[in-house]
Amino acid sequence: VPAVPGATRTHTYTLKQLGALFPLQLRGIDGVYGVPFSVRADEVVTGATLRLAYAYSPALLPDLSHVNVLVNGEVSSSIPVPREQAGVNLTRDIAIPPRLITEFNRLNLQLIGHYTMECEDPAHSSLWANISNNSVLELTVTRIALENDLGLLPQPFFDRRDIRPLNLPFVFASAPGGAALEAAGVLSSWFGALASYRGATFPVTPNTIPDQGNAVILATANERVTGVTWPQIQGPTVAVVTNPNDPYGKLLLVLGRDAAELKTAATALAVGAPTLSGQTATITQIEQQKPRKPYDSPNWLRADRAVKFGELADTDALNVSGYSPDLIRVNFRMPPDLFAWREKGIPVDLRYRYTPRAEPDKSTLNININQRFLRSEPLLAVRHDATSRVDRLLDKVMPDGTVPARVKFQIPLFMLPAQTQMQFHYYYDYIKQGECKDVVLDNVRGTIEPDSTIDISHFSHFIAMPDLAAFSNSGFPFTRMADLSDTAVVLPDSPTPADY
C-alpha cells in the first residue's frame, strides 16, 4: 500500500443501500437472494468484510443445513446453523477474499436447508432463514492514480460504479461573470444528469482547489488558480491534470481566451466528451446543436412515440429463474403535466414468456406499480390432450415456452408519479405430489420481452402553476426543455459561493 495520506479508504454499505429494500427471506431447500455492488475504477479492493445480521429456523438439521455467502458465484464462506442458536438474532463477521471482487459484483446469500432425514417437502414452511437488510458490507480500498486522459471521461469525476451521491467541487479563478456561470451550468447539468439516480451537489470555492479528490476549474487565459499550471490556450481548451494536493485526485480544466470560448469549451465537453482523448484538447470546431423540443429530455419517457422496455432496462434484468424469483423492475420518469381528463389510462403492450405449467394451477404474473398491485395474468399449462383441430390450433397460439404471451392494459395516471417503477413478479404455484414424491426441478424461467411498450404520445399537457411539488419531484417546469434554454437564473447583486 503506498505510504501516501489518503491512499487507503474504507467504504461501508448496508444491504438496504445496495438495493435490498426489505430483509432477505430465504425459503426452501435452496433459497437464494442477493444484491449487486461495484468498485470505482480508481480503487482496488484490498479487504472486504460482511457484517451479517441473520436468524434461521429451529427446524433446520445442523449436519445438512447451512447458509452460503457467495461473491460472483464463488463461495466465500459457509455459515453453520447449530440448533442451540436457532430462532434468535445473530451477528457474524465474514471475511471476503479480495480476489473474488471485480468492478461489478453480485453478493448472494444461499440457504441450503433440510428438516428431516426422511422424505421431505422442499417447500416446507419450516425451511427459512432471514437476512437483515441492515447487514453491512465493508470494503477497504487502495486508491490508484489514473492517467490524465480525456478519453476516460466522465471518469473519474463521475464513476457509474459508485453508488454514493456525487460531490464535485467547481472552482472559479475569480468572481464569475454571466458567461462563466452559464459554462458551469452546462457542465453541472451534464454531471447532474449522469448522477440523477443517486443525487449530486456542486459546491463552489473561489480560487481554491480541494485538499483531496476531484474538481472542475473554469477560467480564462488571463486568470490563474493558485497551485495549478495552465496548458497553452489557443482557443476553447479542456484538459485533465493531477490535483497538486492529492496524487490520486484529478482536475478538469475548462479554459478559453475569453468568456465566449469558455462557454464553447464547456458545451463541447458536455456534448462531445466521448470523442476527446489525450491530456489536453483544443476545440477547433463544434457542430451546432439542433434546438431542443419540449418534453424531449432523455431521462423522460419519449412523448412522440411508444417506448420499448428494452430502452428502459437491460435485457439481463428482464429475465428471472426459479420458483421464488426476484422482481423484474422497469424504471422510468414521466412529465408531471400529462393531462388525462377523458383518457382511460396509459396503454402498455406487454409481451412475456415463461416456462408453461405441466398442469393447470394458480401460477400468475403479478404486475405492480411502485409496490401497488395493478393486475395479474394467469400462467397457462401445456395442453396434453389436444385431439381436435381446434385444440391443435389453440396449442399454436397459447404460451408453450416458445410463443410469447401478450396482453394489453392501461395504467391509471394517478398511479404514476414523476419517478415510477413497474414491477413484474412471476408467482409459481407448487403442486404437492405426495409423500416422497416432491422434487423441485430448477426448470422454470420467466422473461419480459424488451419489445414490450408503454405509450404516452397521445396525451395532452396541462398543469396548474405554480406547483412546488412538480418542481421538487422533477424540476418542472424548467425541465420541460432538456437544455434549460427557456430558463433564467436570478442571483443577488453580490452573490456568495453558496449562491453559486
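F478 is partly exposed, at a relative accessible area of 38% (under 20% is called buried, over 50% exposed, and partly exposed is what falls in between, using a 1.4 Å probe and protein chains only). Keep in mind that this is a predicted model, where local features need pLDDT of at least 70, side-chain atom pairs count only at pLDDT 80 or more, and totals for chains, interfaces and linings use all residues. Residue numbers run from 1 along each chain as its sequence is written, and side-chain values use heavy atoms, with hydrogens and water left out.

**The whole chain**
- You'll find 4 helices and 30 strands in the chain (these are DSSP runs, H or I of at least four residues for helices and E of at least two for strands, numbered from the N terminus).
- Taken along the principal axes, the C-alpha atoms fill a box of roughly 85 × 65 × 40 Å.
- Of the 500 residues in the chain, 42% are buried.
- Among contacts with a separation of 6 or more, 78% link residues 24 or more positions apart (contact means heavy atoms within 4.5 Å).

- F478 sits in the segment after α4 (468–474).
- Together with L468, F471 and L484, F478 makes a nonpolar surface patch of about 410 Å².
- Patch residues have over 30% relative accessible area and no salt bridge; like charges are joined within 9 Å, and nonpolar side chains (Val, Leu, Ile, Met, Phe, Trp, Tyr) within 5 Å.
- A salt bridge, for its part, is a side-chain nitrogen of Lys or Arg within 4 Å of a carboxyl oxygen of Asp or Glu.

- The largest nonpolar core has 37 residues, and L350, Y352, F424, Y426 and I448 have the most contacts inside it (a core is a set of buried Ala, Val, Leu, Ile, Met, Phe, Trp, Tyr and Cys residues joined through side-chain atoms within 4.5 Å).
- Elements giving two or more residues to this core include β21 (328–333), β24 (364–369) and β27 (419–427), while β23 supplies the largest share, 5 residues.
- Setting aside neighbours within four places in sequence, F424 has contacts that include F309, I328, L350, L365 and I448.
- A second, separate core has 36 residues, among them F37, I79, L90 and L111.

- S65, in the loop between β4 (43–56) and β5 (66–71), is buried at 3% relative accessibility.
- The S65 side chain reaches the backbone nitrogen of H114 at 2.9 Å (a polar contact is a pair of N or O atoms within 3.5 Å; within protein, one must be able to donate a hydrogen and the other to accept it, and residues adjacent in sequence count only if both atoms are side-chain atoms).
- Not counting residues up to four places away in sequence, S65 touches L60, V81, I112, G113 and H114.
- D42 lies in the loop between β3 (30–38) and β4, and its 11% relative accessibility counts as buried.
- The D42 side chain makes a polar contact with the side chain of R40 (2.9 Å).
- A381 is in the loop between β25 (372–378) and α3 (389–397), and is buried at 16% relative accessibility.
- The C-alpha atoms of A381 and T355 are separated by 8.9 Å, though these residues are 26 apart along the chain.

Key:
Areas by Shrake-Rupley, 256 points an atom, 1.4 Å probe, with all protein chains shown as cover.
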